[in-house]
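Subject: Structure handover

Hello,

Here is the structure I promised to pass on. Please load it first, then read my notes below.

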Amino acid sequence: MVHPAADAFNGPVIPSDWVPHRRPADSELVGYLRRDGSGTTPLNLFGHPLAGPGEPARAVAVLEARGLASLAEAWWLRHGDEAVEVRIVEASPDRVHVVEAPFGFYGPDSP
């Protein structure tokens, strides 16, 4: 069963001006760098800021340390007034697949 809120999030989520950052050791995409007048902000694979804007080297260090690890955290999917605790099953530049995890975990019956 697909949560009704899932329909609201279909489509590209990464703006073209974000710079992809790949881990040097294996070229794995770990997130994005958003540059503006405030500095460089490290963003995870679906655009959530992992730290505030700052120096580019600091943003890269945050991405390499937390970019992929942040995907294992608990997340809340909001749709209108409703919020559902979810876990990320898969994340790519054009899609984030989540499952409901109301008690902090998910299983085969999770929608």
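Start with Ser70. Leaving out residues up to four places away in sequence, Ser70 touches Asn44, Leu50 and Trp75. Ser70 sits in the loop between helix H1 (56-66) and E4. Its relative accessibility is 0%, so Ser70 counts as buried. Bear in mind that this is a predicted model.

Next, the strands. E4 (residues 75-79) and E5 (residues 82-92) run antiparallel, with five bridges between them. Leu77 has Val84 in E5 as its bridge partner. The two strands form a hairpin with two residues between them. Gly80 is in that turn and has a positive phi of about 65 degrees.

E5 also pairs with strand E6 (residues 95-100). That pair is antiparallel too, and six bridges join it. Ala91 stands opposite Val96 in E6. Again there is a hairpin, and two residues link E5 to E6.

A general point for reading the strands: in a regular strand, side chains alternate between the two faces of the sheet.

Now the charged pairs. How many salt bridges does a search of the whole structure find? It finds three.

- Arg23 and Asp26: their side chains meet at 2.8 Å, N to O. Arg23 is partly exposed, with a relative accessible area of 27%. Asp26 is partly exposed as well, at 43% relative accessibility.
- Glu73 and Arg66: the side chains meet at 2.9 Å, N to O. Glu73 has a relative accessible area of 34%, which makes it partly exposed. Arg66 is partly exposed at 32%.
- Glu85 and Arg87: the closest N and O atoms are 3.0 Å apart. Are these two residues buried or exposed? Both Glu85 and Arg87 are buried.

Last, His21. This residue is in strand E1 (residues 19-22). Why does His21 count as buried? Its relative accessible area is 12%, and buried means under 20%.

Best regards

Note on methods. Residues are numbered from 1 along each chain as its sequence is written. This is a predicted model: local features need pLDDT of at least 70, side-chain atom pairs count only at pLDDT 80 or more; totals for chains, interfaces and linings use all residues. Side-chain values use heavy atoms; hydrogens and water are left out. Helices (H or I, at least four residues) and strands (E, at least two) are DSSP runs, numbered from the N terminus. Buried means under 20% relative accessible area, exposed over 50%, partly exposed in between (1.4 Å probe, protein chains only). Two strands pair if DSSP finds at least two bridges between them. Contact means heavy atoms within 4.5 Å. A salt bridge is a side-chain nitrogen of Lys or Arg within 4 Å of a carboxyl oxygen of Asp or Glu.
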